[in-house]
Amino acid sequence: MAEQDKYHLLSNIESPEDLRKLDITQLAEVCKELREDIVEEVAVNPGHLASSLGVTEITVALHYVFNTPEDRLVWDVGHQAYGHKILTGRRKRFCTNRKLGGLMPFPSPLESKYDSFTCGHASNSISVALGMAVAAKLKQEDRHVVTIIGDGAMSGGLAFEGLNNVSSSPNDLLIILNDNDMSIDRAVGGMEKYLLNLDTNATYNRLRFKASQWLHSKGYLNDKRKKGILRFNNALKSALTGQQNIFEGMNIRYFGPYDGHNIQDLVRILRQIKDMKGPKLLHLHTVKGKGYKPAEESATIWHAPGKFDPETGERLTDDVSDKPIKFQDVFGNTLLELAEHNPDIVGVTPAMPTGCSMNIMMKAMPERTFDVGIAEGHAVTFSAGMAKDGLLPFCNIYSAFAQRAYDNIIHDAAILNLPVVICLDRAGLVGEDGATHHGAFDMAALRPIPNLTIAAPMDEHELRNLMYTAQLPDKGTFVIRYPRGRGSLKDWRCDMRELPVGKGRKLSDGNDIAILSLGPIGNNVREAIATLPSDGKISVAHYDMRFLKPLDEDILEEVGMRFKRIITVEDGVRNGGFGSAVTEWLSDHGYHPAITRLGLPDEFVTHGTVAQLHHLVGIDAESIRQTIENANSQEVSVNNS
């Protein structure tokens with residue numbers, strides 16, 4: 001079928017201006033074609049599916065009613081924004097989404113003028129949009145600002161901080177609450193239950209809207225009178241509906257809840273409220289995965305389903321029977337195994353039980369696992385509170401998301417050296433999700449904090465042993481970082497044993513160059529050494545350090561005394577990371593070898609496959625081998641006295 005025939009409306013939309021030329025009666029067909037296009041593309045180029053399907057009508061209505069890009073749309077949790085990308089001139093390139101050199105995985109002003117802000121993480125949109133709305137007021141610019149928040153992002157602390165300040169500064173912000181009762185896994189917490197039950201009297205809203213228009217026309221609404229009338233209206237509404245509205249309690253005008261999939265009603269409502277003064281919240285009920293039955297029925301699986309047959313809904317998974325399992329599954333199974341023997345162990349995750357495989361323990365021991373919603377800081381402090389009174393929390397957070405818990409790690413866990421095991425999943429380069437999701441900074445950020453033990457397993461056995469070690473008495477605050485994806489061992493189960501804290505291991509001996517690696521990137525080092533010429537001209541020693549903090553000083557002493565050339569390799573930023581720690585120790589102890597530090601550069605790394613990105617930053621086996629050969633060819637004069 002020809003492109004023009006299959007998508008007879010969507011194929012003619014190069015920008016929102018083209019969309020606004022259509023009659024309102026044509027918008028339902030646009031939504032249908034947009035959904036089909038997203039499904040068709042994501043089926044062969046995997047990405048986030050269910051979230052974007054759920055906001056299709058919201059996306060179309062917003063671009064139809066508002067004058068984007070002059071009017072600002074601020075997306076929260078950017079995996080909702082595939083429809084937005086397609087409608088804003090990127091449809092022909094959407095097939096490159098998340099690929100190296102292609103469209104970015106999440107909206108970014110670096111890519112399009114229609115993307116008003118970066119939104120790879122959750123809960124920042126209200127604060128960002130409030131700043132834009134206040135800027136428009138102060139600069140006297142006739143501009144609307146709309147934020148779209150949902151998929152569980154309202155459970156994040158920053159969202160509440162933004163809400164708390166929305167009514168304190170002059171602004172005309174419109175908040176669209178996309179309420180689908182989901183994040184990635186089923187949303188949890190009091191706010192989600194509140195939103196699920198929240199209702200509003202439609203007759204009251206119509207009367208209030210008409211009264212507001214009349215008061216405006218008579219000039220009665222100065223700031224003082226407006227606040228008094230707003231308080232009276234809120235009290236009246238509570239009496240009529242039998243509910244106290246948390247948003248109107250913050251002096252934010254509330255509208256809804258409405259059906260977020262009725263495109264004509266959405267356009268009508270947005271047109272009615274877009275020019276109202278003061279902050280407003282439009283509450284819309286949507287279905288995650290709407291319009292594609294498999295995604296509607298299992299939104300968690302279809303959040304990011306991988307490749308699939310769009311006709312049948314069959315997910316096209318590779319045969320992994322002969323491959324190692326994912327690190328996250330080793331974590332999940334090992335956690336349950338440890339918890340079965342240690343009754344003090346509990347599990348904590350901020351909205352990612354399936355993503356980090358804590359759902360394994362959650363299924364077996366629901367009373368000992370806690371999904372706290374998108375609230376990483378709370379996850380750490382909540383864990384610290386349990387640890388203070390005798391429990392042993394394993395708090396699993398994606399490395400990039402743990403950046404939001406930095407203060408909590410310092411003040412609530414490390415100062416008291418509480419027994420909290422912080423497991424940093426997705427550490428290092430994660431691939432197609434790009435700069436906002438790479439676990440690049442955890443080592444450099446956490447290394448200066450006193451009382452922390454920081455470890456990185458090279459393989460699945462090491463992960464199990466480190467988890468076992470971390471739950472033993474008197475280990476304090478223990479950080480274990482490990483990557484996204486599969487490990488290197490098919491037989492991942494092993495009898496667990498304690499590893500001496502701060503002790504690494506020598507994997508191979510040599511005389512010319514010492515390579516010190518930390519974590520699974522050591523497998524790339526091992527491969528690089530194996531591909532060196534067999535003529536014996538380059539003799540390389542390889543040490544798996546295991547621990548970033550404390551460092552193995554015996555290994556460093558040996559390396560400092562024996563080698564003039566040292567290479568460090570890490571899957572994290574070079575600045576302040578593992579290589580810096582090694583260099584500092586050697587310098588402080590009077591050793592001055594020639595050191596080459598391999599790791600991530602001082603820039604945000606783009607998106608692509610992990611293999612592509614490892615090559616791009618020079619930590620794949622081929623690049624490491626080249627570094628070895630270059631180092632060996634250089635004349636070095638070193639005084640280690």
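Predicted model: local features only at pLDDT ≥ 70, side-chain atom pairs only at ≥ 80, totals over all residues.
Reader: Why is Lys326 called partly exposed?

Author: Lys326 has a relative accessibility of 34%. Buried means under 20% and exposed over 50%, with partly exposed in between, so Lys326 counts as partly exposed. Lys326 lies in the loop between helix 14 (293-297) and helix 15 (327-341). On the surface, Lys326 gathers with Arg315, Lys323 and Arg486 in a patch of positive charge.

Reader: What makes the contact of Lys21 and Asp18 a salt bridge?

Author: The N to O distance between their side chains is 3.7 Å. The cut-off for a salt bridge is within 4 Å, and therefore the pair qualifies.

Reader: How do you know whether Lys21 is buried or exposed, and what of Asp18?

Author: Lys21, at 64% relative accessibility, counts as exposed because the limit is over 50%. Asp18, at 18%, counts as buried because the limit is under 20%.

Reader: Which parts does the salt bridge of Arg493 and Glu337 tie together?

Author: The side chains of Arg493 and Glu337 meet at 3.6 Å, N to O. Arg493 lies in the loop between strand 11 (478-481) and strand 12 (505-508) and Glu337 in helix 15, so the pair ties together parts that are 156 residues apart in sequence. Arg493 is partly exposed, at 47%, and Glu337 is partly exposed, at 23%.

Reader: What makes helix 6 mostly covered?

Author: Eight of the nine residues of helix 6 (residues 82-90) are buried, among them Tyr82, His84 and Arg90. The cover of these buried residues includes helix 3 (27-44) and strand 1 (72-75).

Methods
Residues numbered from 1 in each chain as written. Heavy atoms only, no water. Patch = residues over 30% accessible without salt bridge, like charges linked within 9 Å, V, L, I, M, F, W, Y side chains within 5 Å. Areas by Shrake-Rupley, 256 points an atom, 1.4 Å probe, with all protein chains shown as cover. Lys, Arg positive; Asp, Glu negative; His and termini not counted. Charge placed at Lys NZ, Arg CZ, Asp CG, Glu CD. Helix = DSSP H or I, 4+ residues; strand = E, 2+ residues; numbered from the N terminus. Buried < 20%, exposed > 50% of the residue type's maximum accessible area, 1.4 Å probe, protein only. Contact = heavy atoms within 4.5 Å.
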